[in-house]
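Please look through the structure below, starting with one loop and moving on to the pocket, the surface and the charged pairs.

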Amino acid sequence: MRATWAWLRDLDRGLWSPRWLSHRAEAIFRIALSLIFIVGGLGHFVQLDEMLQRIDESPWRDQVVAIGDPAMLLWLSGGVFILFGLLLALGLLQRLSALLLFITLVPITVSVHIAPGHVGPLLKNVAILGALLFIYAQRGRVR
């Protein structure tokens, strides 16, 4: 077992890392992540009826309605996703964008994806939240 671990560690250390990629990886990461929000935010407007139905079928429907009109909440979150997704993609206001996207994504994740049969979308959102937290935590390192 120890020999296998050492072999894997050596393999990991020896992986080729092209210089062009190391200089562009952060931008590629930001753009790839932001596409989820831009496309998803557009979906809040274009597929409003389908999104409202998902909320209506959610076990958390009553809590969502207690916060506000679901259609208004979808429009607001869609606007945040599009605006701050674009800013994140462009490398502008990255920490603020990551924070606002994080804050907006948490209630959506709880209200829609903590439900039977939503394990895949739930874990996808958990990964996205981790990526946003990573960007937010990069004080002074993210350009």
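Gly 117 is placed in the loop between helix 6 and helix 7, where helices (H or I, at least four residues) and strands (E, at least two) are DSSP runs, numbered from the N terminus. With a relative accessible area of 78%, Gly 117 is exposed. Here buried means under 20% relative accessible area, exposed means over 50%, and partly exposed lies in between (1.4 Å probe, protein chains only). Gly 117 and Phe 45 are 72 residues apart along the chain, and their C-alpha atoms are separated by 25 Å.

This is a predicted model, in which local features need pLDDT of at least 70 and side-chain atom pairs count only at pLDDT 80 or more, while totals for chains, interfaces and linings use all residues. Residues are numbered from 1 along each chain as its sequence is written, and side-chain values use heavy atoms, with hydrogens and water left out.

The largest pocket has a volume of about 650 Å³. On a 1 Å grid over the protein atoms alone, a pocket is an open set of points with protein on both sides within 12 Å along at least five of seven lines, whereas a cavity is a set of points where a 1.4 Å probe fits but cannot get out; lining residues have an atom within 4 Å of a point. Grid points are joined across faces, edges and corners, and a volume is the space filled by probe spheres set on the points.

The largest pocket is lined by 30 residues, and the closest to its centre are His 44, Ser 77, Thr 104, Ile 108 and Val 112. At least two lining residues come from each of helix 2 (19-46), helix 3 (48-57), helix 4 (61-67), helix 5 (70-90), helix 6 (94-113) and helix 7 (119-137). Helix 6 gives the most to this lining, with nine residues. Sorted by class, the lining has 20 nonpolar, eight polar and two charged residues. In this sorting, Ala, Val, Leu, Ile, Met, Phe, Trp, Tyr, Cys and Pro count as nonpolar, Asp, Glu, Lys and Arg as charged, and the others, Gly among them, as polar.

Helix 6 and helix 7 are the elements that give two or more residues to the patch, and helix 6 gives the most, with three.

Leu 99 is found in helix 6 and is partly exposed, with a relative accessible area of 32%. Leu 93 is found in the loop between helix 5 and helix 6 and counts as exposed at 53% relative accessibility. Although Leu 93 is not a glycine, it has a positive phi of about 50 degrees.

Leu 105 also has its place in helix 6, but this residue is buried, with a relative accessible area of 5%. Leu 105 and Leu 8 are 97 residues apart in sequence, and 36 Å lie between them in space, C-alpha to C-alpha.

The charged pairs come last. Side chains of opposite charge can pair when their charged atoms come close. How many salt bridges does the structure hold? There are three salt bridges, each being a side-chain nitrogen of Lys or Arg within 4 Å of a carboxyl oxygen of Asp or Glu.

Glu 26 and Arg 30 are four residues apart in helix 2, so about one helical turn separates them. Glu 26 is partly exposed, with a relative accessible area of 29%, whereas Arg 30 is buried at 8%. Arg 30 is also 8.4 Å from Ile 135 in space, C-alpha to C-alpha, with the two 105 residues apart in sequence.

Asp 56, Arg 61 and Asp 62 are linked in a network of salt bridges. The side chain of Arg 61 meets that of Asp 56 (2.6 Å, N to O) and that of Asp 62 (3.4 Å, N to O). Arg 61 counts as partly exposed at 32% relative accessibility, Asp 56 as partly exposed at 49%, and Asp 62 as exposed at 56%.
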